[in-house]
Amino acid sequence: MFQYMTFLPRLSLKKIWNFILIEISFIVSGIVKKPVVWGVPYTITIEPTILCDLKCPQCHTGAGMIIRQNKSIDYEHYRSIINEMKLTTICLILYFQGEPFLHEKIFDMIRFAATSNIFTVTSTNGQHLIGRNPEMIIQSGLDRLIISIDGADQSTYEKYRRGGTLKKLLDGARQLSDLKKKSSSVKPEIIFQFLIFRYNEKQVKDIKRLGKINGTDKIWIKTAQIITPDDGVDLIPQNPGYSRYEIDGRSSLRLKGKLKNRCHRLWRTMVITTDGFVVPCCFDKNANYKLGNLKEQSVLEIWKNQEYMNFRKKILKNRQEINICNNCTEGVKVYI
């Protein structure tokens with residue numbers, strides 16, 4: 001019901017036609033084995049900030065592995081990107097690295113996308129859902145809020161969300177849910193997202209219970225990404241259905257399934273960093289594969305430029321040669 005009430009009204013004939021063009025061009029590219037691109041991205045990811053107040057060990061930001069210099073996106077530049085893409089963009093993913101609610105204009109950013117008729121999603125570590133923020137979230141027009149909760153008690157929760165407080169997260173989620181009901185709002189859809197590791201895999205039922213009593217709309221159980229696969233074996237759940245990896249030998253991991261020479265992300269989504277660089281996808285955490293900069297070129301100029309087309313060509317030819325693809329979940333089951 002939520003999707004019908006909030007997602008479908010965001011569509012237009014132009015957006016639907018662009019969606020069809022992109023999907024057809026992706027299929028054709030796979031058949032002819034060379035990049036064919038009709039249309040422009042119908043999903044965009046924009047990174048509000050790379051700052052975060054937690055130290056999650058399997059996160060590039062939390063582990064101190066992000067070396068990019070520009071900490072937060074300029075608000076006026078953000079507006080210019082939305083204005084350029086709003087007629088064809090169906091969904092905005094307003095997070096990449098960092099904690100979005102640390103951007104001083106995050107509510108303005110959400111509101112501007114929502115009033116531009118774009119389905120808007122953001123994700124949070126749950127430490128900023130107190131005070132006036134729940135009211136601001138509802139007033140902003142946010143469509144979906146993903147709250148990362150990776151433990152059903154404080155001792156388990158803080159093994160990954162280092163520096164975080166589970167009670168603060170739960171209080172904030174409940175306050176937001178109560179305010180939604182009070183204001184008769186269907187938005188935002190509130191989702192608890194639970195990353196499964198070996199130390200918390202027995203808590204799935206507990207997380208579902210916490211979600212229910214704290215007013216969430218959905219629970220997403222997600223397999224964890226391991227950024228250090230050579231020493232991450234101890235983190236892999238004992239239940240193989242809870243992991244996106246297989247144990248390769250005694251001390252390393254490999255993704256389940258075969259890495260196919262295709263990637264839907266390269267046709268449907270544009271990922272934009274705080275400093276305006278366009279990168280292939282959300283697995284390029286440090287923008288090692290820059291495809292252009294929106295401060296210097298338009299979306300269309302970058303989307304079909306030589307760098308982008310060459311990267312797509314490499315994907316179609318031999319994806320294993322690209323470093324960021326070797327820990328990618330394209331074609332691998334992520335949500336359980």
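Me: Which residues of H4 are buried?

Reply: In this predicted model, the buried residues of H4 are Ile106, Phe107, Met109, Ile110, Phe112, Ala113 and Ala114.

Me: Is H4 largely enclosed or exposed, and why?

Reply: H4 is largely enclosed by the rest of the structure, because seven of its 10 residues are buried.

Me: Turning to the largest nonpolar core, which residues touch the most other members?

Reply: Those are Ile46, Tyr78, Leu92 and Met270, in a core of 71 residues. Helix H4 (residues 106-115) supplies the largest share of this core, with six residues.

Me: Where is the other core, and how many residues are in it?

Reply: The other core lies apart from the largest one and has 12 residues, including Cys56, Phe197, Ala224 and Leu255.

Me: Back to Ile46: which residues does it touch?

Reply: Leaving out residues up to four places away in sequence, Ile46 touches Ile73, Tyr78, Ile81, Ile82, Leu92, Ile93, Leu94, Tyr95 and Ile272.

Me: Now Val278. Which strand is it in?

Reply: Val278 belongs to strand E10, which spans residues 277-279.

Me: Is Val278 buried or exposed?

Reply: Val278 is buried, because its relative accessible area is 0%, and the cut-off for buried is under 20%.

Me: What does Val278 touch?

Reply: Not counting residues up to four places away in sequence, Val278 touches Met270, Val271, Ile272, Tyr289, Lys290, Leu291, Gly292, Leu294, Ile302 and Tyr308. As for Leu291, its C-alpha is 5.5 Å from that of Val278, although the two residues are 13 apart in sequence.

Me: A change of topic: how much space lies in the second largest pocket?

Reply: The second largest pocket holds about 550 Å³ of space. Its lining comprises 27 residues, and the closest to the pocket centre are Asn323, Ile324, Asn326, Asn327 and Cys328.

Me: Which strand gives the most to the lining of the second largest pocket?

Reply: Strand E8 (residues 252-255) gives the most, contributing three residues.

Me: And by class, what does the lining of the second largest pocket have?

Reply: That lining has 12 nonpolar residues, nine polar ones and six charged ones.

Notes: Residues numbered from 1 in each chain as written. Predicted model: local features only at pLDDT ≥ 70, side-chain atom pairs only at ≥ 80, totals over all residues. Heavy atoms only, no water. 1 Å grid on protein atoms, 1.4 Å probe; cavity = no way out; pocket = protein on both sides within 12 Å on 5 of 7 lines; lining within 4 Å. Points joined across faces, edges and corners; volume = space filled by probe spheres on them. Helix = DSSP H or I, 4+ residues; strand = E, 2+ residues; numbered from the N terminus. Nonpolar A, V, L, I, M, F, W, Y, C, P; charged D, E, K, R; others polar. Core = buried A, V, L, I, M, F, W, Y, C linked by side-chain atoms within 4.5 Å. Buried < 20%, exposed > 50% of the residue type's maximum accessible area, 1.4 Å probe, protein only. Contact = heavy atoms within 4.5 Å.
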